[in-house]
Amino acid sequence: MSTRNVRQALYQPGYLRSAWPWRAVLYLMSSAPVGLLALLGIVVFALVGGVLTIVVIGLVVLAALGLAGVPVGAVERRRLRLVDNSPARNPHRTPDEPGLLAWARVRYQERTTWYELAYTVLFAFGLWMADALALLGALGAPLGMMATPILLALDGGGQAQVLKYWTVTSYPEASAWSLGGAMLLPVALYCLGVFAGLRAAFAHLLLVGPEGELREELGEVARSRARLVHAFEAERRRIERDLHDGAQQRLVALTMTLGLARLDAPPGPLADQLAKAHDEAGKVLAELRELIHGIHPQVLADRGLEAALGDAADRSPVPVLVNASGLGRLPEPVEKAAYFVVCEALANVAKHSGAAQAEVGAEVRDGSLFVSVVDDGAGGALLLPGGSGGGSGGGLGGSGLTGLSDRVAALDGTLWLSSPPGGPTILGVEIPCEPIEVFG
(Lines give C-alpha, C1' and ligand atoms only; values in the text may rest on other atoms or scores of the structure.)
Protein backbone atom coordinates (compact mmCIF):
# COMPACT_ATOMS: atom_id res chain seq x y z
CA MET A 1 0.00 0.00 0.00
CA SER A 2 1.42 3.39 -0.96
CA THR A 3 2.11 5.93 1.79
CA ARG A 4 -0.39 8.76 1.54
CA ASN A 5 0.91 11.30 4.08
CA VAL A 6 3.67 12.00 6.59
CA ARG A 7 1.68 10.53 9.48
CA GLN A 8 1.54 7.16 7.73
CA ALA A 9 5.19 7.45 6.70
CA LEU A 10 6.29 7.76 10.35
CA TYR A 11 5.23 4.14 10.90
CA GLN A 12 7.17 2.84 7.90
CA PRO A 13 10.69 1.41 8.45
CA GLY A 14 12.12 3.40 5.55
CA TYR A 15 10.96 6.80 6.78
CA LEU A 16 14.46 8.32 7.04
CA ARG A 17 15.40 7.05 3.58
CA SER A 18 12.29 8.55 1.97
CA ALA A 19 11.51 12.11 0.97
CA TRP A 20 8.95 12.55 3.74
CA PRO A 21 11.33 14.05 6.38
CA TRP A 22 12.46 16.72 3.95
CA ARG A 23 8.92 17.35 2.77
CA ALA A 24 8.00 17.96 6.42
CA VAL A 25 10.93 20.37 6.76
CA LEU A 26 9.89 22.20 3.59
CA TYR A 27 6.31 22.42 4.84
CA LEU A 28 7.41 24.04 8.09
CA MET A 29 9.90 26.32 6.33
CA SER A 30 7.28 27.59 3.88
CA SER A 31 4.99 28.46 6.77
CA ALA A 32 6.91 31.62 7.70
CA PRO A 33 6.48 33.63 4.46
CA VAL A 34 2.79 32.76 4.22
CA GLY A 35 2.27 33.63 7.88
CA LEU A 36 4.06 36.95 7.49
CA LEU A 37 1.91 37.85 4.50
CA ALA A 38 -1.24 36.93 6.46
CA LEU A 39 -0.06 39.06 9.39
CA LEU A 40 0.70 41.97 7.08
CA GLY A 41 -2.75 41.71 5.50
CA ILE A 42 -4.51 41.69 8.87
CA VAL A 43 -2.46 44.66 10.09
CA VAL A 44 -3.27 46.65 6.95
CA PHE A 45 -6.98 45.91 7.33
CA ALA A 46 -6.86 46.87 11.01
CA LEU A 47 -5.02 50.14 10.30
CA VAL A 48 -7.41 51.08 7.52
CA GLY A 49 -10.41 50.25 9.70
CA GLY A 50 -8.96 52.31 12.54
CA VAL A 51 -8.19 55.37 10.43
CA LEU A 52 -11.49 55.45 8.59
CA THR A 53 -14.15 56.55 11.03
CA ILE A 54 -17.05 56.75 8.60
CA VAL A 55 -19.48 53.99 9.50
CA VAL A 56 -20.24 52.86 5.96
CA ILE A 57 -16.57 52.63 5.01
CA GLY A 58 -15.83 50.85 8.27
CA LEU A 59 -18.48 48.27 7.50
CA VAL A 60 -16.99 47.74 4.05
CA VAL A 61 -13.57 47.19 5.60
CA LEU A 62 -15.02 44.70 8.10
CA ALA A 63 -16.83 42.90 5.28
CA ALA A 64 -13.59 42.66 3.32
CA LEU A 65 -11.83 41.39 6.44
CA GLY A 66 -14.36 38.56 6.60
CA LEU A 67 -13.07 37.34 3.22
CA ALA A 68 -9.40 37.76 4.14
CA GLY A 69 -9.12 34.10 5.05
CA VAL A 70 -10.28 32.81 1.65
CA PRO A 71 -6.96 33.29 -0.22
CA VAL A 72 -4.96 32.10 2.79
CA GLY A 73 -7.13 28.99 2.95
CA ALA A 74 -6.56 28.32 -0.75
CA VAL A 75 -2.77 28.66 -0.34
CA GLU A 76 -2.74 26.47 2.76
CA ARG A 77 -4.76 23.71 1.05
CA ARG A 78 -2.20 23.71 -1.74
CA ARG A 79 0.66 23.70 0.77
CA LEU A 80 -0.77 20.60 2.44
CA ARG A 81 0.38 18.64 -0.62
CA LEU A 82 3.90 18.86 0.81
CA VAL A 83 2.96 16.44 3.61
CA ASP A 84 -0.08 14.71 2.09
CA ASN A 85 -0.30 13.20 -1.38
CA SER A 86 -4.10 13.34 -1.34
CA PRO A 87 -5.35 16.71 -2.65
CA ALA A 88 -7.17 18.75 -0.03
CA ARG A 89 -10.68 19.21 -1.34
CA ASN A 90 -11.97 22.76 -1.69
CA PRO A 91 -15.09 22.83 0.54
CA HIS A 92 -16.47 26.06 -0.96
CA ARG A 93 -19.64 25.89 -3.05
CA THR A 94 -19.71 27.20 -6.60
CA PRO A 95 -22.13 30.15 -6.88
CA ASP A 96 -25.23 29.53 -8.96
CA GLU A 97 -24.91 32.97 -10.57
CA PRO A 98 -21.89 34.70 -12.11
CA GLY A 99 -20.45 37.88 -10.69
CA LEU A 100 -18.52 39.12 -7.69
CA LEU A 101 -21.60 39.88 -5.60
CA ALA A 102 -23.00 36.37 -6.03
CA TRP A 103 -19.60 34.91 -5.12
CA ALA A 104 -19.32 37.11 -2.00
CA ARG A 105 -22.89 36.30 -0.93
CA VAL A 106 -22.20 32.56 -1.10
CA ARG A 107 -18.90 32.92 0.76
CA TYR A 108 -20.46 34.90 3.62
CA GLN A 109 -23.11 32.22 4.06
CA GLU A 110 -20.57 29.40 4.29
CA ARG A 111 -19.17 28.20 7.60
CA THR A 112 -15.90 27.38 5.85
CA THR A 113 -15.24 31.10 5.20
CA TRP A 114 -15.27 31.86 8.92
CA TYR A 115 -13.17 28.82 9.71
CA GLU A 116 -10.63 30.12 7.19
CA LEU A 117 -10.68 33.53 8.84
CA ALA A 118 -10.11 31.96 12.26
CA TYR A 119 -7.24 29.90 10.88
CA THR A 120 -5.75 32.99 9.23
CA VAL A 121 -5.75 34.91 12.53
CA LEU A 122 -4.18 31.95 14.36
CA PHE A 123 -1.68 31.49 11.55
CA ALA A 124 -0.67 35.14 11.43
CA PHE A 125 -0.25 35.57 15.17
CA GLY A 126 1.20 32.27 16.27
CA LEU A 127 1.22 29.19 14.06
CA TRP A 128 3.98 30.25 11.68
CA MET A 129 6.10 31.26 14.66
CA ALA A 130 5.53 27.86 16.25
CA ASP A 131 6.56 26.22 12.97
CA ALA A 132 9.74 28.29 12.84
CA LEU A 133 10.60 27.54 16.48
CA ALA A 134 10.00 23.83 15.96
CA LEU A 135 12.21 23.85 12.89
CA LEU A 136 14.95 25.83 14.59
CA GLY A 137 14.80 23.83 17.80
CA ALA A 138 14.81 20.42 16.10
CA LEU A 139 17.43 21.06 13.41
CA GLY A 140 19.50 23.78 15.07
CA ALA A 141 21.14 21.52 17.66
CA PRO A 142 22.18 18.58 15.43
CA LEU A 143 23.26 20.80 12.54
CA GLY A 144 25.23 23.05 14.89
CA MET A 145 26.96 20.02 16.40
CA MET A 146 27.74 18.58 12.97
CA ALA A 147 29.28 21.90 11.89
CA THR A 148 31.78 21.95 14.82
CA PRO A 149 34.84 20.83 12.76
CA ILE A 150 34.04 23.49 10.14
CA LEU A 151 33.77 26.20 12.79
CA LEU A 152 37.06 25.08 14.35
CA ALA A 153 38.78 25.20 10.96
CA LEU A 154 37.39 28.66 10.23
CA ASP A 155 38.84 29.86 13.56
CA GLY A 156 42.27 28.68 12.54
CA GLY A 157 42.28 25.63 14.78
CA GLY A 158 42.04 27.68 18.00
CA GLN A 159 38.61 27.10 19.46
CA ALA A 160 34.93 26.87 18.46
CA GLN A 161 31.69 27.33 20.36
CA VAL A 162 29.20 24.45 20.27
CA LEU A 163 25.63 25.66 20.75
CA LYS A 164 27.10 28.72 22.54
CA TYR A 165 27.69 26.71 25.72
CA TRP A 166 30.64 24.40 25.12
CA THR A 167 34.14 25.29 23.87
CA VAL A 168 36.01 22.89 21.60
CA THR A 169 39.77 23.27 21.14
CA SER A 170 40.81 20.10 19.25
CA TYR A 171 39.74 18.29 16.11
CA PRO A 172 39.14 14.92 17.85
CA GLU A 173 36.77 16.65 20.23
CA ALA A 174 35.11 18.48 17.31
CA SER A 175 34.72 15.19 15.46
CA ALA A 176 33.03 13.64 18.49
CA TRP A 177 30.57 16.53 18.63
CA SER A 178 29.94 16.17 14.89
CA LEU A 179 29.27 12.44 15.29
CA GLY A 180 26.85 13.16 18.12
CA GLY A 181 25.02 15.66 15.91
CA ALA A 182 24.76 13.10 13.09
CA MET A 183 23.26 10.59 15.55
CA LEU A 184 20.82 13.20 16.84
CA LEU A 185 19.64 14.23 13.36
CA PRO A 186 17.36 11.18 12.73
CA VAL A 187 15.63 11.81 16.07
CA ALA A 188 15.13 15.44 15.08
CA LEU A 189 13.69 14.44 11.71
CA TYR A 190 11.22 12.09 13.39
CA CYS A 191 10.16 14.85 15.78
CA LEU A 192 9.69 17.26 12.89
CA GLY A 193 7.62 14.66 11.05
CA VAL A 194 5.33 14.27 14.04
CA PHE A 195 4.98 18.04 14.45
CA ALA A 196 4.36 18.58 10.73
CA GLY A 197 1.73 15.84 10.74
CA LEU A 198 -0.09 17.43 13.68
CA ARG A 199 0.09 20.87 12.07
CA ALA A 200 -1.26 19.53 8.81
CA ALA A 201 -4.06 17.71 10.61
CA PHE A 202 -5.06 20.94 12.38
CA ALA A 203 -5.00 22.89 9.10
CA HIS A 204 -7.01 20.17 7.38
CA LEU A 205 -9.59 20.19 10.17
CA LEU A 206 -10.25 23.94 9.81
CA LEU A 207 -9.73 24.39 6.06
CA VAL A 208 -11.32 21.16 4.76
CA GLY A 209 -13.06 19.63 7.75
CA PRO A 210 -14.50 16.16 8.28
CA GLU A 211 -17.71 17.26 6.54
CA GLY A 212 -15.80 17.91 3.31
CA GLU A 213 -14.35 14.40 3.34
CA LEU A 214 -17.73 12.92 4.17
CA ARG A 215 -19.39 14.78 1.30
CA GLU A 216 -16.66 13.59 -1.05
CA GLU A 217 -17.10 9.98 0.09
CA LEU A 218 -20.88 10.18 -0.22
CA GLY A 219 -20.51 11.70 -3.67
CA GLU A 220 -18.25 8.85 -4.72
CA VAL A 221 -20.75 6.32 -3.33
CA ALA A 222 -23.54 7.96 -5.34
CA ARG A 223 -21.41 7.95 -8.51
CA SER A 224 -20.45 4.32 -7.93
CA ARG A 225 -24.09 3.37 -7.40
CA ALA A 226 -25.07 5.14 -10.63
CA ARG A 227 -22.32 3.29 -12.51
CA LEU A 228 -23.64 -0.02 -11.16
CA VAL A 229 -27.16 0.86 -12.33
CA HIS A 230 -25.91 1.72 -15.83
CA ALA A 231 -23.85 -1.48 -15.97
CA PHE A 232 -26.90 -3.48 -14.87
CA GLU A 233 -29.04 -1.90 -17.60
CA ALA A 234 -26.39 -2.62 -20.23
CA GLU A 235 -26.28 -6.26 -19.11
CA ARG A 236 -30.09 -6.48 -19.26
CA ARG A 237 -30.05 -5.19 -22.84
CA ARG A 238 -27.34 -7.69 -23.80
CA ILE A 239 -29.30 -10.61 -22.33
CA GLU A 240 -32.50 -9.44 -24.06
CA ARG A 241 -30.69 -9.19 -27.40
CA ASP A 242 -29.12 -12.64 -27.04
CA LEU A 243 -32.45 -14.23 -26.12
CA HIS A 244 -34.31 -12.44 -28.90
CA ASP A 245 -31.79 -13.16 -31.64
CA GLY A 246 -30.68 -16.60 -30.45
CA ALA A 247 -32.90 -18.76 -28.24
CA GLN A 248 -36.21 -17.30 -29.46
CA GLN A 249 -35.38 -17.83 -33.13
CA ARG A 250 -34.35 -21.42 -32.46
CA LEU A 251 -37.56 -22.08 -30.57
CA VAL A 252 -39.61 -20.60 -33.41
CA ALA A 253 -37.84 -22.90 -35.88
CA LEU A 254 -38.38 -25.89 -33.56
CA THR A 255 -42.07 -25.08 -33.17
CA MET A 256 -42.52 -24.84 -36.95
CA THR A 257 -40.66 -28.13 -37.49
CA LEU A 258 -42.79 -29.93 -34.91
CA GLY A 259 -45.93 -28.44 -36.45
CA LEU A 260 -45.01 -29.72 -39.93
CA ALA A 261 -44.09 -33.15 -38.55
CA ARG A 262 -47.40 -33.25 -36.70
CA LEU A 263 -49.28 -32.62 -39.95
CA ASP A 264 -47.34 -35.26 -41.84
CA ALA A 265 -47.52 -37.98 -39.18
CA PRO A 266 -50.30 -40.60 -39.50
CA PRO A 267 -52.80 -40.88 -36.67
CA GLY A 268 -51.47 -42.88 -33.77
CA PRO A 269 -49.12 -42.66 -30.76
CA LEU A 270 -46.42 -40.83 -32.76
CA ALA A 271 -48.84 -38.11 -33.83
CA ASP A 272 -50.00 -37.72 -30.24
CA GLN A 273 -46.43 -37.32 -29.01
CA LEU A 274 -45.66 -34.80 -31.74
CA ALA A 275 -48.78 -32.83 -30.83
CA LYS A 276 -47.76 -32.80 -27.18
CA ALA A 277 -44.22 -31.69 -28.04
CA HIS A 278 -45.59 -29.01 -30.36
CA ASP A 279 -47.85 -27.63 -27.63
CA GLU A 280 -45.02 -27.64 -25.07
CA ALA A 281 -42.72 -25.82 -27.49
CA GLY A 282 -45.42 -23.21 -28.01
CA LYS A 283 -45.75 -22.69 -24.25
CA VAL A 284 -41.96 -22.37 -23.84
CA LEU A 285 -41.89 -19.85 -26.67
CA ALA A 286 -44.69 -17.83 -25.04
CA GLU A 287 -42.87 -17.87 -21.68
CA LEU A 288 -39.63 -16.81 -23.34
CA ARG A 289 -41.36 -13.92 -25.07
CA GLU A 290 -42.85 -12.87 -21.73
CA LEU A 291 -39.40 -13.05 -20.17
CA ILE A 292 -37.89 -10.93 -22.94
CA HIS A 293 -40.70 -8.44 -22.55
CA GLY A 294 -39.95 -8.20 -18.83
CA ILE A 295 -36.23 -7.71 -19.40
CA HIS A 296 -36.57 -4.95 -21.96
CA PRO A 297 -40.14 -4.02 -22.87
CA GLN A 298 -40.21 -2.73 -26.41
CA VAL A 299 -43.28 -0.57 -25.78
CA LEU A 300 -41.34 1.35 -23.13
CA ALA A 301 -38.45 2.02 -25.48
CA ASP A 302 -40.68 2.97 -28.42
CA ARG A 303 -43.60 4.85 -26.86
CA GLY A 304 -42.55 5.85 -23.37
CA LEU A 305 -43.73 5.29 -19.83
CA GLU A 306 -47.36 6.26 -20.37
CA ALA A 307 -47.96 3.56 -22.99
CA ALA A 308 -45.89 1.02 -21.04
CA LEU A 309 -48.03 1.49 -17.92
CA GLY A 310 -51.15 0.84 -19.99
CA ASP A 311 -49.57 -2.30 -21.39
CA ALA A 312 -48.64 -3.51 -17.88
CA ALA A 313 -52.21 -2.90 -16.73
CA ASP A 314 -53.64 -4.88 -19.66
CA ARG A 315 -51.44 -7.87 -18.78
CA SER A 316 -52.38 -7.85 -15.08
CA PRO A 317 -54.89 -10.53 -13.94
CA VAL A 318 -56.36 -7.94 -11.54
CA PRO A 319 -58.34 -5.10 -13.18
CA VAL A 320 -56.18 -1.97 -13.17
CA LEU A 321 -57.20 1.64 -13.76
CA VAL A 322 -54.38 3.83 -15.10
CA ASN A 323 -54.34 7.59 -14.52
CA ALA A 324 -51.35 8.89 -16.46
CA SER A 325 -51.40 11.50 -19.19
CA GLY A 326 -49.05 14.14 -20.51
CA LEU A 327 -45.93 12.47 -19.14
CA GLY A 328 -43.94 12.93 -22.33
CA ARG A 329 -40.61 11.19 -22.70
CA LEU A 330 -38.52 11.06 -19.56
CA PRO A 331 -34.86 10.06 -19.10
CA GLU A 332 -34.45 6.35 -19.84
CA PRO A 333 -33.29 5.32 -16.32
CA VAL A 334 -36.30 7.10 -14.79
CA GLU A 335 -38.79 5.43 -17.15
CA LYS A 336 -37.32 1.99 -16.55
CA ALA A 337 -37.23 2.35 -12.77
CA ALA A 338 -40.84 3.55 -12.61
CA TYR A 339 -42.03 0.85 -15.03
CA PHE A 340 -40.42 -2.04 -13.18
CA VAL A 341 -41.69 -0.74 -9.83
CA VAL A 342 -45.24 -0.77 -11.22
CA CYS A 343 -44.81 -4.23 -12.77
CA GLU A 344 -43.45 -5.69 -9.53
CA ALA A 345 -46.21 -4.03 -7.51
CA LEU A 346 -48.96 -5.37 -9.80
CA ALA A 347 -47.41 -8.84 -9.65
CA ASN A 348 -47.51 -8.73 -5.84
CA VAL A 349 -51.10 -7.48 -5.93
CA ALA A 350 -52.11 -10.47 -8.04
CA LYS A 351 -50.20 -12.97 -5.86
CA HIS A 352 -50.80 -11.82 -2.31
CA SER A 353 -53.35 -9.07 -1.80
CA GLY A 354 -56.66 -10.67 -2.75
CA ALA A 355 -57.60 -7.31 -4.27
CA ALA A 356 -60.50 -6.88 -6.66
CA GLN A 357 -59.07 -3.77 -8.29
CA ALA A 358 -55.89 -1.71 -8.44
CA GLU A 359 -55.10 1.79 -9.62
CA VAL A 360 -51.87 3.20 -11.08
CA GLY A 361 -51.22 6.93 -11.14
CA ALA A 362 -48.28 8.83 -12.66
CA GLU A 363 -47.56 12.52 -13.09
CA VAL A 364 -44.63 14.89 -13.45
CA ARG A 365 -44.76 17.72 -10.92
CA ASP A 366 -42.16 20.18 -9.65
CA GLY A 367 -39.35 18.49 -11.55
CA SER A 368 -40.10 14.99 -10.24
CA LEU A 369 -42.00 11.92 -11.41
CA PHE A 370 -44.60 10.73 -8.91
CA VAL A 371 -45.94 7.19 -9.33
CA SER A 372 -48.47 5.46 -7.08
CA VAL A 373 -49.99 1.98 -7.06
CA VAL A 374 -53.10 1.41 -4.90
CA ASP A 375 -55.02 -1.82 -4.30
CA ASP A 376 -58.13 -2.59 -2.23
CA GLY A 377 -56.74 -5.84 -0.82
CA ALA A 378 -56.23 -7.08 2.72
CA GLY A 379 -53.29 -4.81 3.51
CA GLY A 380 -50.57 -5.64 6.02
CA ALA A 381 -47.76 -5.54 3.44
CA LEU A 382 -44.21 -4.85 4.58
CA LEU A 383 -41.14 -3.48 2.84
CA LEU A 384 -38.19 -4.70 4.85
CA PRO A 385 -34.45 -4.22 4.22
CA GLY A 386 -32.18 -7.08 3.36
CA GLY A 387 -34.42 -8.61 0.70
CA SER A 388 -37.31 -9.68 2.95
CA GLY A 389 -40.79 -8.59 2.09
CA GLY A 390 -44.34 -8.92 3.31
CA GLY A 391 -45.94 -12.26 4.03
CA SER A 392 -48.75 -13.93 2.19
CA GLY A 393 -51.21 -11.38 3.45
CA GLY A 394 -49.16 -8.44 2.20
CA GLY A 395 -50.28 -6.68 -0.93
CA LEU A 396 -47.58 -4.67 -2.62
CA GLY A 397 -44.65 -5.49 -0.37
CA GLY A 398 -42.07 -8.05 -1.34
CA SER A 399 -38.40 -8.79 -1.80
CA GLY A 400 -38.56 -7.60 -5.39
CA LEU A 401 -39.61 -4.12 -4.25
CA THR A 402 -36.69 -4.05 -1.82
CA GLY A 403 -34.31 -4.33 -4.74
CA LEU A 404 -36.33 -1.79 -6.71
CA SER A 405 -36.12 0.68 -3.82
CA ASP A 406 -32.33 0.50 -4.13
CA ARG A 407 -32.68 1.15 -7.85
CA VAL A 408 -34.88 4.18 -7.19
CA ALA A 409 -32.44 5.44 -4.56
CA ALA A 410 -29.65 5.29 -7.13
CA LEU A 411 -31.59 7.97 -9.03
CA ASP A 412 -31.91 10.09 -5.86
CA GLY A 413 -35.52 8.98 -5.59
CA THR A 414 -37.58 7.57 -2.75
CA LEU A 415 -39.99 4.66 -2.45
CA TRP A 416 -42.49 4.27 0.38
CA LEU A 417 -45.24 1.85 1.33
CA SER A 418 -48.42 2.32 3.38
CA SER A 419 -50.42 -0.82 4.08
CA PRO A 420 -52.52 -0.88 7.25
CA PRO A 421 -54.36 -4.12 8.06
CA GLY A 422 -57.56 -4.22 6.06
CA GLY A 423 -56.14 -1.97 3.36
CA PRO A 424 -55.85 -0.06 1.24
CA THR A 425 -52.21 -0.61 0.30
CA ILE A 426 -50.44 2.34 -1.32
CA LEU A 427 -46.99 2.23 -2.91
CA GLY A 428 -45.47 5.59 -3.83
CA VAL A 429 -42.36 6.54 -5.81
CA GLU A 430 -40.77 9.93 -6.36
CA ILE A 431 -37.87 10.28 -8.80
CA PRO A 432 -36.30 13.63 -9.76
CA CYS A 433 -36.44 14.12 -13.52
CA GLU A 434 -37.13 16.55 -16.33
CA PRO A 435 -39.16 15.70 -19.46
CA ILE A 436 -36.99 15.46 -22.57
CA GLU A 437 -39.81 15.36 -25.09
CA VAL A 438 -43.50 16.23 -25.04
CA PHE A 439 -45.88 14.40 -27.36
CA GLY A 440 -48.10 16.61 -29.43
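In this predicted model, the axes of helix α2 (residues 20–29) and helix α9 (residues 171–207) come within 9 Å and cross at roughly 55°, the axes being lines fitted to C-alpha atoms over the stretch in contact, with angles that run from 0 to 180 degrees between N-to-C directions. That angle makes α2 oblique to α9, given that angles under 35 degrees count as roughly parallel, over 145 as roughly antiparallel, 65 to 115 as roughly perpendicular and the rest as oblique. The contact, defined by heavy atoms within 4.5 Å, is made on the α2 side by P21, W22, A24, V25, Y27 and L28, and on the α9 side by L189, L192, G193, F195, A196, R199, A200 and A203. By class, this contact has 12 nonpolar, one polar and one charged residues, where Ala, Val, Leu, Ile, Met, Phe, Trp, Tyr, Cys and Pro count as nonpolar, Asp, Glu, Lys and Arg as charged, and the others, Gly among them, as polar.

Helix α9 also meets helix α7 (residues 111–146), the two axes coming within 8 Å and crossing at roughly 175°; α7 and α9 are therefore roughly antiparallel to each other. The residues of their contact divide into 26 nonpolar, four polar and three charged. Within α9 lies S175, which at 42% relative accessibility counts as partly exposed, a class between buried, under 20%, and exposed, over 50% relative accessible area (1.4 Å probe, protein chains only). S175 and P149 are 26 residues apart in sequence, and their C-alpha atoms are 6.3 Å apart in space.

When residues up to four places away in sequence are not counted, L346 touches A312, A313, S316, V320, A358, V360 and V373.

Helices (H or I, at least four residues) and strands (E, at least two) are DSSP runs numbered from the N terminus. Residues are numbered from 1 along each chain as its sequence is written, and side-chain values use heavy atoms, with hydrogens and water left out. Local features need pLDDT of at least 70 and side-chain atom pairs count only at pLDDT 80 or more, whereas totals for chains, interfaces and linings use all residues.
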